[in-house]
Amino acid sequence: MTSSPTTHDLAVDAVDGMEQVSGTHPGYRRAHARGVCFDATFTPTGAAAELTTAAHLQQEPVPATVRFSNSEGNPHSPDGRRSGRGIAVKFHLGHGVDTDLVAVNLPVFVVSTPEHFVKLLGALKKDPHTGQNDPALLGAYIKDNPEAIPGFTAAGAMPIPVSYGTAKYWAIHAFRWTNAAGESRYVRYRWEPAAGLQELSPEDAGHQTPEYLTDELTQRLLDGPVRFTLHVQLGEDGDPTNDCTKAWPAERTEIAVGHLDITATSADQEHWAGQVFDPTRVTPGIDLSDDPVLAFRTRAYAESFARRSHGG
Ligand code: HEM
């Protein structure tokens, strides 16, 4: 008799697969391994208050902690590569309660299910002799799974940012907002940098120091806070909520729901590096959508956390 894999087994498979692609780097996250944390304040505009009861989206500012990161599992990968960047925000709601919002510089993801994620990692596996992945395996994966094309196309065109503060970041999944009257609707989040989008040519990126993004942001903060605005796209009936490979139509109504002002490098980097920024840590007024990748992420993050916090 064969037993079907449980969600937990799949999370172990996913993190094993990530280690096969990036190597095992003890003590580090299995994705977005290198990052740096900053203190910030999030000030809501009030525009979301009639759509959700979420505490941080009403009127009062809340303190926040922001972790910028590079998507690679290898913490020694240099900043000047064309690769993913993350912004993970922990909003501190008071009384020890937090809610997290985790976003990357990609509008859609490359898989719509956890099973496909594990399959994709298999296609990205490195040959132990050459240290390279086999482009033919990846090509075959994409041919069999064309829903991956928009995500890979966007990844191939990712700008190499001048600064963590000059990139756009999407939280990708749909979430459900509910207001005081009990009315619900689906939304998707995007961070827009107040400094605008600014990118480096690959040649200029090649001349940067390996950790220029951290140094640049630290330097930029000497001139004052670095601001992002949180934009929310309002879904309409029929917009997919369970498939993070599909964008919603560009003409959907958007509202600007708050400003994030990053003020200083966090004093206790070790403490914040040791936390999990979990996209499923929502707060009353916000619920998860039926996206299976979103639900799965909490298990994979817990698996990565268990390994890294035990010295593995
Ligand atoms: C099957 C889907 C995914 C899996 C298995 C996965 C796995 C992981 C793992 C294992 C970590 C390290 C967690 C830790 O040790 O704390 C991580 C971090 C991260 N992931 Fe994912 N991920 C997935 C999808 C996504 C998506 C769709 C996004 C974009 C919204 C994303 C953005 C990030 C970011 C920004 C971090 C760093 C968070 C931090 O700074 O603590 N991931 N991911």
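Predicted model: local features only at pLDDT ≥ 70, side-chain atom pairs only at ≥ 80, totals over all residues.
Which residues line the second largest cavity? They are Met18, Glu19, Gly23, His25, Arg29, Arg30 and Gly73. Sorted by class, this lining has three charged residues, three polar ones and one nonpolar one.

## The largest cavity

The volume of the largest cavity is about 80 Å³.

What classes do the residues around the largest cavity belong to? Eight are nonpolar, two are polar and one is charged.

Next comes the second largest pocket, with about 260 Å³ of space. Its lining is made up of 15 residues, and those closest to the centre of the pocket are Tyr28, Ala33, Gly35, Arg67 and Ala273. By class, the lining of this pocket has five charged, five polar and five nonpolar residues.

Which elements each supply at least two residues of the lining of the second largest pocket? They are β1 (35-44) and α7 (269-273). Of the elements, α7 gives the most, with three residues.

## Tyrosine and iron

Now look for the iron atom of the ligand. Which residue is its only protein donor? That is Tyr301, whose OH atom lies at 2.1 Å from the iron. You can find Tyr301 in helix α8, which spans residues 292-309. The UniProt record, an unreviewed entry, places the feature "binding site" at Tyr301.

Is Tyr301 buried, exposed or partly exposed? Its relative accessibility is 27%, so Tyr301 counts as partly exposed, since that class lies between the 20% limit for buried and the 50% limit for exposed. Setting aside neighbours within four places in sequence, Tyr301 is in contact with Val276, Phe277 and Pro279.

## Two loop residues

Thr241 sits in the loop between β10 (226-234) and β11 (254-265). Is Thr241 buried or exposed? Thr241 is buried, because its relative accessible area is 14%, and buried means under 20%. Not counting residues up to four places away in sequence, Thr241 touches Ala174, Tyr186, Trp248, Ser289, Asp290 and Asp291.

Leu197 belongs to the loop between β8 (184-193) and β9 (199-200). With a relative accessible area of 56%, Leu197 is exposed, because the exposed class begins over 50%. Leaving aside neighbours within four places in sequence, what does Leu197 contact? Its contacts are Thr166, Ala167 and Lys168. How many residues apart in sequence are Leu197 and Gly165? They are 32 residues apart in sequence, while in space their C-alpha atoms are 8.5 Å apart.

Key:
Residues numbered from 1 in each chain as written. Heavy atoms only, no water. Helix = DSSP H or I, 4+ residues; strand = E, 2+ residues; numbered from the N terminus. Buried < 20%, exposed > 50% of the residue type's maximum accessible area, 1.4 Å probe, protein only. Contact = heavy atoms within 4.5 Å. 1 Å grid on protein atoms, 1.4 Å probe; cavity = no way out; pocket = protein on both sides within 12 Å on 5 of 7 lines; lining within 4 Å. Points joined across faces, edges and corners; volume = space filled by probe spheres on them. Nonpolar A, V, L, I, M, F, W, Y, C, P; charged D, E, K, R; others polar. Donors = N, O, S within 2.8 Å, 3.2 Å for Na, K, Ca; no water. UniProt positions renumbered as here; feature names shortened; annotations may be inferred.
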